[in-house]
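Please look over the sequence and the structure shown below. The paragraphs after them walk through the fold one part at a time.

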Amino acid sequence: MGSPGRGCIYSIGEVEMKENKRFIFGRHPRPRNRSPPSRTAATRGGEMLKLAWRCKRVKDSYTSRVDETFREIRRILTEILEEVSGFKYRAAREVEELLEKRGVHCDIWLDVRLPADGLVKIDLYCPQPLVVGKVAVSLIDTEEVEEALTQLRKLAEAAEKSRKAKTYLAVLAVEFAPRDVAQYLRKRAEEEGIHLILGREY
């Protein structure tokens, strides 16, 4: 093959063998003086979409935690306001007066816990005739109205199961409600056959 060129360290055969070994073991040298391929617009766009998705997940997680904290604070404040305002006691007196006008004597008990699939708390309760009531400090939209009605139905079912009797009177007492929600409340209470006690509209 002839002598190696001037300044060469290896013969041509040695160079080929060295290059083959590099290729086999994954060390084949990258050609010199060739810059890496630039990122295309599609690649950059894909990375931006991934970043936007990560940001959305962080935002959704934060929003969920804030909403959960707000609901817990509202629940605690509602319980405090129920105890301080005395609206629950006024609602109980109103139910007793209503029953007296019907010729029925009934002492309304407050915050009774009945054994029915665990303990169930009933805000207004009379065992005979069976009176079941739910008290809410405020209902601010129609969704909360429907939720309160659903809860009242479940309380009545639990009381009926515990007492082995039909509900004589179901009561929903709401201390505060916006005017449009109050109108919706009256409509739904009439449809459900529920006695509604409404405090103040705003």
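Ala-177 stands opposite Glu-201 in strand E5. Strand E4 (residues 169-177) and E5 pair in the parallel sense, over 6 bridges. Strands here (E, at least two residues) and helices (H or I, at least four) are DSSP runs numbered from the N terminus, and two strands pair if DSSP finds at least two bridges between them. This is a predicted model, in which local features need pLDDT of at least 70 and side-chain atom pairs count only at pLDDT 80 or more, while totals for chains, interfaces and linings use all residues. Residues are numbered from 1 along each chain as its sequence is written, and side-chain values use heavy atoms, with hydrogens and water left out.

E4 and E5 belong to an open sheet of 5 strands, with the order E1-E2-E3-E4-E5 and mixed pairing. E1 and E5 (195-201) stand at the edges with a single partner strand each, so one side of each has no neighbour in the sheet. From one strand to the next the twist averages 35°; for such angles, axes are lines fitted to C-alpha atoms, for helices over the stretch in contact, and the angles run from 0 to 180 degrees between N-to-C directions.

Helix H4 packs on it and touches E1, E2, E3 and E4, where contact means heavy atoms within 4.5 Å. The direction of H4 makes about 155° with that of E3. Helix H5 also packs on the sheet, touching E4 and E5, and its direction makes about 170° with that of E5.

At the other end of the strand order, E1 and E2 run antiparallel and are joined by 6 bridges. Leu-110 stands opposite Leu-124 in E2. The hairpin of E1 and E2 has 3 residues between the strands, and in this hairpin Asp-117 takes a positive phi near 55°. E2 then pairs with strand E3 (residues 131-138), again in the antiparallel sense, over 3 bridges. In E3, Gly-133 is the bridge partner of Leu-124. A hairpin through 4 residues joins E2 to E3.

How many of the 8 residues of E2 are buried? The count is 6, so E2 is largely enclosed by the rest of the structure; buried means under 20% relative accessible area, exposed over 50%, and partly exposed in between (1.4 Å probe, protein chains only). Cys-126, which lies in strand E2, is buried at 2% relative accessibility.

Cys-126 is also part of a disulfide, joined to Cys-106 with an S to S distance of 1.7 Å. A disulfide is taken as a pair of cysteine sulfur atoms within 2.5 Å, and a search of the whole structure finds 1. Cys-106 lies in the loop between helix H3 (87-101) and strand E1 (109-115), and Cys-126 in E2 (residues 119-126), so the pair ties together parts that are 20 residues apart in sequence. Both cysteines, Cys-106 and Cys-126, are buried. Leaving out residues up to four places away in sequence, Cys-126 touches Cys-106, Asp-107, Ile-108 and Val-131. Tyr-168 is 42 residues from Cys-126 in sequence, and their C-alpha atoms are 9.6 Å apart.

Now return to H4. This helix (residues 142-163) has 22 residues and reaches 31 Å from its first C-alpha to its last, close to the 32 Å expected at 1.5 Å a residue; the expected span is 1.5 Å times one less than the number of residues. Its buried residues include Val-145, Ala-148, Leu-149, Leu-152, Leu-155, Ala-156 and Ala-159. An α-helix has 3.6 residues a turn, so residues three or four places apart point the same way. At the N-terminal end Asp-141 caps H4, with a side-chain oxygen 3.3 Å from the backbone nitrogen of Glu-143. Just after H4, Lys-164 takes a positive phi of about 55°.

Arg-188 is found in H5 (residues 179-192) and is buried, with a relative accessible area of 12%. A polar contact of 2.7 Å joins its side chain to that of Glu-146; such a contact is a pair of N or O atoms within 3.5 Å, and within protein one must be able to donate a hydrogen and the other to accept it, with residues adjacent in sequence counting only if both atoms are side-chain atoms. Lys-88, in H3, is buried with a relative accessible area of 4%. The side chains of Lys-88 and Asp-111 make a polar contact of 2.7 Å.
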